[in-house]
Amino acid sequence: MREELTLFGIKLKCLRSKRKVTLPPGRHKIIVLDEADSMTEAAQQALRRTMEIYSDTTRFCLACNASEKVIEPIQSRCAMLRYSKLSDAEILAQVLKVCEKEDISYTSDGLEAIVFTAQGDMRQALNNLQSTHDGFGQIDSKNVFKVCDEPHPLLVKDMLSNCTEGKIDEAYKVLSHLWRLGYSPEDIISNIFRVCKTHPMAEYLKLEFIKEIGQAHMKIVHGSNSLLQLSGLLAKLCNVT
């Protein structure tokens, strides 16, 4: 990539020196690098130098998911533009357009599942839609969650409802079922958080739930990813109520 970018810049610079470039004065060539945060630090250092050398002929557009993974020298030379995730309504509208144009059979709960698993990412939504259609031919919640391999939100919702009522035994039965299905603690805790955000409950109670879920998530990420850790979370949630 470094050689290609360098040759691109040199060629354009030579063309300008011979006045054969077709661009009007003040215009620049644009290079778009997607997933720039996946580059190694050495590659980014080389890119920084290339950006400096050919700054008079070329402009760089770097797209990334985690800007903190881009080295500071490059960040300081760029204007940062941050884009938020798409809303559920925006994703649903585009998914419906695709389903109509591609003549895809779907159900309302299937579209809700597509939106839920997308997490604001349109590319993820379309990938899940295509994978479900290719695998089953019908877009419904059961097929979507089979393809995405995520804990079903209805089960998680039932577990949270039991916690709000202080029914630790019933909540643990759901958790134990998800564990036996083979879902990882990270998948379970992530879906608990996502479902909790929209679960109908008192606002103060929801804030306490989210706080406990966040603390449990931190412990799981740090290595305490056992069934006992998740069981302790359920006990704390029941105790909050």
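Begin by selecting E35 and R123, which form a salt bridge whose closest N and O atoms are 3.6 Å apart; the term requires a side-chain nitrogen of Lys or Arg within 4 Å of a carboxyl oxygen of Asp or Glu. Since E35 sits in the loop between β1 and α2 while R123 belongs to helix α6 (residues 122-136), the pair ties together parts that are 88 residues apart in sequence. This is a predicted model, in which local features need pLDDT of at least 70 and side-chain atom pairs count only at pLDDT 80 or more, whereas totals for chains, interfaces and linings use all residues. Residues are numbered from 1 along each chain as its sequence is written, and side-chain values use heavy atoms, with hydrogens and water left out.

Next, select residues 29-33 and 58-62, the parallel strands β1 and β2, which five bridges join; strands pair if DSSP finds at least two bridges between them, and helices (H or I, at least four residues) and strands (E, at least two) are DSSP runs numbered from the N terminus. Here I31 stands opposite F60 in β2.

Now move to helix α2 (residues 41-53), where E52 forms a salt bridge with R48, the closest N and O atoms being 3.0 Å apart. Both residues lie in this helix, four residues apart, about one turn.

Finally, select residues 151-236, which an unreviewed UniProt entry annotates as "domain: Replication factor C C-terminal"; such annotations may be inferred rather than shown by experiment, and their positions follow the numbering used here, with feature names shortened. This span is 79% helix and 0% strand, and its end C-alpha atoms lie 21 Å apart.

Definitions and conventions:
Right-handed = clockwise from strand over helix to strand, strands pointing away.
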